[in-house]
Amino acid sequence: EAHPGDVRLAVQNLTVANEAGTAVVEKLSFEVRGGEVLGIAGVQGNGQTELSEALTGLRPAMGAVLLDGKNISHLTTKDRLRSGIGYIPEDRKEDGLVSDFTVAENLILDVYDRPPYASGIAMDPAAVRKVAATQVAEYDVRTTSVQTAAGTLSGGNQQKVILARELSRENKVLLASQ
């Protein structure tokens, strides 16, 4: 079991290309220990977006990403999230929410098929609504109902839905873009 101060995330010789195929992250290595905050700053277009996408498995990369000493480089995005990576993307409308889904559905996007929300292939709508109501209250999401389409919320409340989803589960590492 990891403890504060233990290396939670290790990146080794990571190289990531942008959409044009140009390497924007080259042989980057770093470690983040439990309790630490690592900020990466730069001018837009200098690789921060590509780095976040590579760490979450949304973009191919060369090198290694280790979470609690386990190489997760080969895992899908879904499996990386389930391994303990939380992700708050820079574009909430494009990458953070499914606008046509309800607030409740957006709060369980990556865990919809796991207890207490599902048993086997059957989802439990009452459990989804109950947890969503708790999170909406806890994160002060201003909505008339957890059944409201997330795309109809104000931008700030959409961001609160994403924060509630990502912060309400046990993460080993939380990646937040911008």
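**Ground rules.** I count residues from 1 along each chain as its sequence is written, and my side-chain values use heavy atoms, with hydrogens and water left out. Since the model is predicted, local features need pLDDT of at least 70 and side-chain atom pairs count only at pLDDT 80 or more, while totals for chains, interfaces and linings use all residues.

**The sheet.** I began with the strands (DSSP runs of E, at least two residues; helices are runs of H or I, at least four; both are numbered from the N terminus). Four strands form an open sheet in the order β2-β1-β3-β4, with antiparallel pairing; two strands pair if DSSP finds at least two bridges between them. β2 (23–33) and β4 (70–71) are the edge strands, each with a single partner, so one side of each has no neighbour in the sheet. As a reminder to myself, strands of a sheet pair through backbone hydrogen bonds.

Next I looked up the bridges. Five of them join β1 to β3, running antiparallel, and Gln12 stands opposite Ala64 in β3. β3 (residues 62–67) and β4 are joined by two bridges: Leu67 has Lys70 as its partner, and Leu66 has Asn71. The hairpin of β3 and β4 has two residues between the strands, and Asp68 there takes a positive phi near 50°.

**Helix α1.** This helix (residues 48–56) lies across β1 (7–17), β2 and β3, at about 120° to β1. For that angle, axes are lines fitted to C-alpha atoms, for helices over the stretch in contact, and angles run from 0 to 180 degrees between N-to-C directions. Is α1 enclosed or open? It is largely enclosed by the rest of the structure, because seven of its nine residues are buried (under 20% relative accessible area, with exposed over 50% and partly exposed in between; 1.4 Å probe, protein chains only). The buried ones include Glu50, Ser52 and Glu53. Their cover includes β1, β2, β3, α2 (77–83), β5 and β8. Just after α1, Gly57 takes a positive phi of about 85°.

**The cores.** I then looked for nonpolar cores (sets of buried Ala, Val, Leu, Ile, Met, Phe, Trp, Tyr and Cys joined through side-chain atoms within 4.5 Å). The largest has 19 residues, and Leu9, Leu14 and Leu55 have the most contacts inside it. β1 gives the largest share, four residues. I checked Leu55 too: leaving aside neighbours within four places in sequence, its contacts (heavy atoms within 4.5 Å) include Val11, Phe30, Arg80 and Leu175. Apart from this core lies another, of 18 residues, with Val111 and Ile162 among them.

The largest pocket has a volume of about 680 Å³. A pocket here is an open set of points on a 1 Å grid over the protein atoms alone, where a 1.4 Å probe fits, with protein on both sides within 12 Å along at least five of seven lines; lining residues have an atom within 4 Å of a point. Grid points are joined across faces, edges and corners, and the volume is the space filled by probe spheres set on them. The largest share of the lining, five residues, comes from α1.

**Gln158.** This one sits in helix α6 (residues 155–167). Why does Gln158 count as buried? Because its relative accessibility is 2%. Beyond its neighbours within four places in sequence, Gln158 touches Arg92, Lys93, Leu97, Ala150, Gly151 and Leu153.
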